[in-house]
Amino acid sequence: SAAPILNEKKQQCGAVMVFQDVSETLAMSVQMTYLSHHDQLTSLPNRVLLHDRLTQGIARASFNDTKLSLLLLDLDKFKFINDALGHHIGDEIIAHIGHSLDCFACNDITVARVGGDEFALVVPHESHSLSLEPLINQVLNVISKPFRSGGEQHILSASLGISVYPDDANCVEEMLRHADSAMYKAKNEAANSYCYFSTDLQVEMNKRLDVGNKLRKALENNAHDVHYQPKYDLRSGEMVGVESLVRLSDDEGGFISPLNFIEYAEETGLIFRLGEQVLEKSCISAKRWLDAGVPTKVAVNISAKQFTDSKLVDTVAMILEKTQLPSKYLELEVTESALIENYEYAVNQLKLIANMKVSIALDDFGTGFSSYGYLRDLPVNCVKIDGSFVQDMHTSPVNKVLVSSINDVAKAIGMSTVGEYVESALAMESLRAIGVDFAQGFAIAHPAPLDNFVRL
């Protein structure tokens, strides 16, 4: 900077010049700009810079009549590694993946870390060329290479979703949202898989969103329905109990499949609230039948997610006390999937419930990771034989042998047995001949709402 020196006649006769070294200030400014646009752990562009690159890429693709693809990938089961080995190992893995993916970065392709264990690749290409498979396979192969840390070897995999401009997205937000949806679709398929966004996927997303909204509204108003399916004694023909089945109404007077809204409830954590409401409604119904002089045991399904709730035992006890239902009229049905993730914890939960004199039924036995060890270790009162065996018993000798084997073992341990999904008189006769105690299914009675069931 310079300031003039004036003489007595107000004429300039010199100047004062001041020099200041601003290299540190400029360097700090450059560093701050870099840090605000790059991930500190991997040094890759972050979400802010990714958004900017996508914006520029879309503008160029629109001008040149070309296409732009966004590949969004997420590491499979990374949370388990992070929780088991610690965040420092997790950070090492993220840094390793970032370094591995950086080899794909060039003048055209941007590699970025979106956040957590999510990474993105922005890939421009000609409008007539949309063959991303070679690049996708290279990316998945790089991630799957063994990685050593702390003397241990880790095998990683990823799920990848692809969104393409302008085929299925018109802006940055749409590309990110669609790629994210495709990625979760791939994650549900299998490890190390990829999925393109499609119209069908959009329809599925909209349907899922609609199901979620209806479920939340029903939970807020406690307005979902509980239907009851009778369980009959195969020897006497008498009804000995019911299974409660939750139903969610659609807008057309029908019901949404439980496969859709139960899965949504488990993924979003709404299953805890839903399970509590269904359990309470079931106990209220059982108390109503008891007071009417028709004591009927009601069976309620407990999902795998509910077993992660430390309040499950207290919730069961609280609802029994609130409804004044004697515990012997309540049965909880659990599946193998509810036991596998944390077996010891699940066993302890079941033992506490059994101590309240609540019956325990092992549902869908015979499929998945079926183990007779469950029958030995768990306080199980009843084994429900999976319907996939029961339905074909009269035509499949193998299924008949398997049902007979499960029945014999359960009986020897002192447990009762139930044949599920009995849809024909032949299946019912086969179960009776083998010696199975009880049966339920459409051939006997369909699930019915409370009012209809009271008349039954």
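Among the elements of the protein chain, helix H11 (residues 337-340) comes out with the lowest mean pLDDT, 73, while strand E18 (residues 438-439) has the highest, 96; pLDDT is the predictor's confidence in each residue, from 0 to 100. Helices (H or I, at least four residues) and strands (E, at least two) are DSSP runs, numbered from the N terminus. The chain as a whole averages a pLDDT of 88, with 97% of the residues at 70 or above. This is a predicted model, so to speak of local features a pLDDT of at least 70 is needed, side-chain atom pairs count only at pLDDT 80 or more, and totals for chains, interfaces and linings use all residues. Residues are numbered from 1 along each chain as its sequence is written, and side-chain values use heavy atoms, with hydrogens and water left out.

Now to the sheet. Five strands form an open sheet in the order E4-E5-E3-E8-E9, with mixed pairing; two strands pair if DSSP finds at least two bridges between them. E4 (110-115) and E9 (194-196) stand at the edges with a single partner strand each, so one side of each has no neighbour in the sheet. On average, neighbouring strands are turned by 20° against each other, direction ignored. Within this sheet, E3 (residues 67-75) and E5 (residues 118-125) run antiparallel and are joined by eight bridges, and Asp74 stands opposite Glu118 in E5. Helix H2 (residues 47-64) packs on the sheet, touching E3, E4, E5 and E8 (158-165), where contact means heavy atoms within 4.5 Å. The direction of H2 makes about 155° with that of E3 (axes are lines fitted to C-alpha atoms, for helices over the stretch in contact, and angles run from 0 to 180 degrees between N-to-C directions).

H2, E3 and E5 turn up again in the second largest pocket, each supplying at least two residues of its lining. H2 gives the largest share, six residues. The pocket has a volume of about 290 Å³, and of its 18 lining residues, Gly57, Arg60, Leu68, Asp108 and Pro124 are the closest to the centre. A pocket here is an open set of points on a 1 Å grid over the protein atoms alone, where a 1.4 Å probe fits, with protein on both sides within 12 Å along at least five of seven lines; lining residues have an atom within 4 Å of a point. Grid points are joined across faces, edges and corners, and the volume is the space filled by probe spheres set on the points.

Elsewhere, Leu378 sits in the loop between H13 (372-377) and E16 (382-385). Leu378 is buried, at 5% relative accessible area (buried means under 20%, with a 1.4 Å probe and protein chains only).

Technical notes: Buried means under 20% relative accessible area, exposed over 50%, partly exposed in between (1.4 Å probe, protein chains only).
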